[in-house]
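The sequence and the model are shown below. Please keep both in view while reading the explanation.

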Amino acid sequence: MRLFLAAAFSFAALGSVCAQERANPPQSTNEAAAVGGQEDLADIMHATQLRHLKLSYAGSVKNWDLANYEVARIGKSFRKAAQLYPVFENVPLARMIADISKPALAEVEKSIKERDSDAFHKSLNKLTAACNSCHQQAKVGFIRLRAPTASPFSNQVFPPAKN
């Protein structure tokens, strides 16, 4: 009986939430996409920010395999954002990614392939500046990136394994 009541209350609550969503349609493109099942731009960018942090740590300890993995995932996130949101709230997102972010990301990729620590740090700084430039142009300049000073990933070992 308790299980039946719990299920009944759950369905009633779900019905109420669904009715509210229909009564209150999304206000922005990003919100509409999230309700429609499309990945939210903020979520794509949040994942990219975490990858930026991991990329920085990987490069700092010369874990080139991890750095290569993270830079590839950042590129994938940029491509996904550009594809899903070519223009976002009147901001030409796809063009900005192509013109600002991709060239900086290519420099990071090159430094990783060459396993050049000095070039890596310089190119990561350029990538960080590119991110901040896009944020300014997209009217979210209050989101500012920098080289990380601490890692929230205490459960991940960043130095490469010794073979």
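The paragraphs below go from the overall fold to one helix, then to a pocket, to aromatic pairs and to single residues.

The model is predicted, not experimental. The protein holds 6 helices and 0 strands, and from the N terminus its elements run α-α-α-α-α-α. Of the 163 residues in the protein, 31% are buried.

Helix α3 is a place to begin. It covers residues 41–60, and a length of 20 residues at 1.5 Å a residue should span 28 Å. At the start of α3, Asp 40 points a side-chain oxygen to within 3.0 Å of the backbone nitrogen of Ala 42. Which residues of α3 are buried? They are Leu 41, Ile 44, Thr 48, His 52, Leu 53, Lys 54, Leu 55, Ser 56, Ala 58 and Gly 59. Just after the helix, Lys 62 takes a positive phi of about 60 degrees.

Rolling a probe the size of a water molecule over the atoms shows where empty space is left. In this model the largest pocket has a volume of about 570 Å³. Its lining consists of 25 residues, and those nearest the centre are Leu 41, Met 45, His 135, Val 140 and Ile 143. Which helix gives the most to this lining? It is α3, with 7 residues. At least two lining residues come from each of α3, α4 (64–84), α5 (93–113) and α6 (117–137). By residue class, the lining of the largest pocket divides into 17 nonpolar, 7 polar and 1 charged.

The next topic is aromatic contacts. A pair of aromatic rings is described by the distance of the centres and the angle of the planes. Searching the whole structure gives 3 aromatic pairs. In one of them, the ring centres of Trp 64 and Phe 120 are 5.9 Å apart and the planes stand at 75 degrees, so the pair is edge-to-face; the cut-off for that class is over 60 degrees. Because Trp 64 lies in helix α4 and Phe 120 in helix α6, the pair ties together parts that are 56 residues apart in sequence. Are the two partners buried or exposed? Trp 64 has a relative accessibility of 7% and therefore counts as buried, the limit being under 20%. Phe 120 is buried as well, with a relative accessible area of 0%.

A further pair is formed by Tyr 85 and Phe 88, with ring centres 5.6 Å apart and planes at 90 degrees, so this pair is edge-to-face too. Tyr 85 counts as buried because its relative accessibility is 1%. Phe 88, at 15%, also counts as buried.

Some single residues remain. Most residues other than glycine have a negative phi, and most peptide bonds are trans. Glu 89, however, has a phi near 50 degrees, a positive value in a residue that is not glycine. Glu 89 sits in the loop between α4 and α5 and is partly exposed, with a relative accessible area of 42%. Arg 115, likewise not a glycine, has a positive phi of about 50 degrees. Arg 115 is placed in the loop between α5 and α6, and at 52% relative accessibility it counts as exposed, since the limit for that class is over 50%.

Two more residues can be located by their distance to others. Lys 76 is part of helix α4 and, at 47% relative accessibility, counts as partly exposed. Lys 76 is 32 residues from Ile 44 in sequence, while their C-alpha atoms are 9.9 Å apart in space. Phe 142 belongs to the segment after α6. At 65% relative accessibility, Phe 142 counts as exposed. Phe 142 and Asn 132 are 10 residues apart in sequence, and the distance between their C-alpha atoms is 9.1 Å.

Note on methods. Residues numbered from 1 in each chain as written. Predicted model: local features only at pLDDT ≥ 70, side-chain atom pairs only at ≥ 80, totals over all residues. Heavy atoms only, no water. Helix = DSSP H or I, 4+ residues; strand = E, 2+ residues; numbered from the N terminus. Expected span 1.5 Å × (residues − 1). Buried < 20%, exposed > 50% of the residue type's maximum accessible area, 1.4 Å probe, protein only. Polar contact = N/O pair within 3.5 Å; in protein donor to acceptor, adjacent residues only side chain to side chain. 1 Å grid on protein atoms, 1.4 Å probe; cavity = no way out; pocket = protein on both sides within 12 Å on 5 of 7 lines; lining within 4 Å. Points joined across faces, edges and corners; volume = space filled by probe spheres on them. Nonpolar A, V, L, I, M, F, W, Y, C, P; charged D, E, K, R; others polar. Phe/Tyr/Trp six-rings, centres within 6.5 Å; stacked < 30°, edge-to-face > 60°.
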